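Work through these exercises with the structure open. Each task is followed by a stepwise solution.

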Amino acid sequence: MKKFVVVLAAGKGTRMKSKLYKVLHPVCGKPMVEHVVDAAQAIAPDQVVTVVGNGADDVKRVLQGKSKFVLQEKQLGTGDAVLTTQSELADKTGATLVITGDTPLFTSQTLQKLFDYHQKKGNAATVLTAQAPDPYGYGRIIRDEQDNVLRIVEQKDGNSDELKVKEINTGVFCFDNEQLFAALKKVNNDNAQGEYYLTDVLEILRNEGQRVGAYKMHDFSESLGVNDRKALAQATKIMQKRINEEHMQNGVSFVDPDTAYIDASVKIACDTTIEANVVIKGTTEIGSNCLITSGSRITNSKIGDAVTITSSTLEEAEMADHTDIGPNSHLRPQAIICSGAHIGNFVEIKNATIGTNSKVGHLTYIGDATLGSGVNVGCGTIFANFDGVKKDHTNVGDCAFIGSGATLVAPVNVADHAFVAADSTITKDVGRHELAIARGRQVNKPDYWQKLALSKSTDWQ
Ligand code: UD1
Ligand code: CA
């Protein structure tokens, strides 16, 4: 039997109070709707169709290559949203799973179980339900005395008895595709919100004598629908736990997994240790045997094996094997630290390559530069890369020695095995094996104390 998936993602999400469309709000770095589509893709459907409306172009960009799209011009309700997919699906035979784009926690295993149950029962419609500790805001599942599902009642339409029900509509359904579209045409908007509810399809089919059922999942938290910021934070917490548990299963150690905030897309190899209060985002990849200490924030960076990152910030940077950084240093975009290099504390590096086994120990800024291997950069060095209008590049050759407090004014080249004396301001190239000294000469004035004493009162000795 063919499997189709419809994802509803046209709503604005007024309750989020946001300029960003609801389904694009990220949970652990990935837009909610992308979590939904990825879980749906994992059950290998023949086709996925996403209903877009508000923010259609942005939603399409996020889901490019993972889904087809139909446009719902006006958001007239979830029933109307599914009906807009008829151009893609109405004439097809098979089963259609409908899922809302604001439920990011569903796993593919749960979706598969719903599908299997639906098929086994030979239902026309099966709703995925859960027992909610606080059902407020969800549609309630209304059953008869024999436990048969009669209908779904929305929060705004329910009477006080109906609203006491804690079994909720998770927003996920399986339908016989042809019956779904036939029933959708019969849905009206005679309800408190004046919307065409998808949930009404169940009652319509049941009244026509079709088999309608419910598959109840055990873990309510997986069905969490995100309508506001509070639920977004809850969803993020649950997703974070899942992500960290998966890393632990893969051999990553966490000192306190509750305070390690790791995006869904991050990759970490085994025997790496993540301390408390660490944030790792985006496309970051971390090798094995690394230590990431408290207070580190790493975004879109590539980290090799046996790297130590101590309370530092990395953005779009690379650290090769056996390197270290910190505490309190900052790698900005295109900082590349080659193997064996050491970056100490209070160092900022931007668009610069630090060669193999080079050392930049303390209080230094390196911007727009290429450093060879075995270079030693003394404390307090500044690579002056900006003349107020444009940026220029500095080259430092292999095994060069840059004394403490030097300023290298770009563009300038310091050759292999060259020396720069401490506190020099370098504006001219330094040749191989040369020592450059560019600072005021020291002058020592004799008998200075006596001169001062003469001008003071006699008791100043
Ligand atoms: C919906 C269900 C409710 C269920 C809950 C589960 C209905 C009528 N209600 O309520 O029973 O308990 O989900 O989370 O179905 N959308 C469109 N077009 C529209 C309207 C909505 O694409 O015209 C999309 C939204 O973008 C959203 C999803 O459908 O992703 C659900 O809409 P939402 O308004 O959040 O429905 P709920 O009130 O949460
Ligand atoms: Ca919702």
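**Exercise 1.** In which loop is the place of Ile437? Then decide whether Ile437 is buried or exposed.

*Solution.* The model is predicted. Step one: locate the residue. Ile437 lies in the loop between strand 37 (435–436) and helix 10 (448–454). Step two: take its relative accessible area, 53%. Exposed means over 50%, so Ile437 is exposed. Step three: look at its partners.

**Exercise 2.** Which residues coordinate the calcium ion (ligand 2)? Find where they sit in the chain.

*Solution.* Step one: name the donors. They are Asp102 (OD) and Asn227 (OD1), at 2.3 to 2.5 Å. Asp102 is in the loop between strand 6 (95–100) and helix 5 (108–121). Asn227 is in the loop between strand 11 (212–217) and helix 9 (229–249). The two are 125 residues apart, so the pair links distant parts of the chain. Step three: check burial. Asp102 has a relative accessible area of 12%. The limit for buried is under 20%, so Asp102 is buried.

**Exercise 3.** Find the peptide bond from Ala410 to Pro411 and give its omega.

*Solution.* Step one: go to the loop between strand 33 (407–409) and strand 34 (412–414), where Pro411 is placed. Step two: read omega. It is near 0°, and the bond is cis.

**Exercise 4.** What is the phi of Asn357?

*Solution.* Phi of Asn357 is about 60°, positive although the residue is not a glycine. Asn357 sits in the loop between strand 27 (342–354) and strand 28 (359–371).

Notes:
Residues are numbered from 1 along each chain as its sequence is written. Chains are lettered from A and ligands numbered from 1 in the order in which they are written. This is a predicted model: local features need pLDDT of at least 70, side-chain atom pairs count only at pLDDT 80 or more; totals for chains, interfaces and linings use all residues. Side-chain values use heavy atoms; hydrogens and water are left out. Donors are N, O and S atoms within 2.8 Å of the metal (3.2 Å for Na, K and Ca); water is not among the atoms, so sites may look incomplete. Helices (H or I, at least four residues) and strands (E, at least two) are DSSP runs, numbered from the N terminus. Buried means under 20% relative accessible area, exposed over 50%, partly exposed in between (1.4 Å probe, protein chains only).
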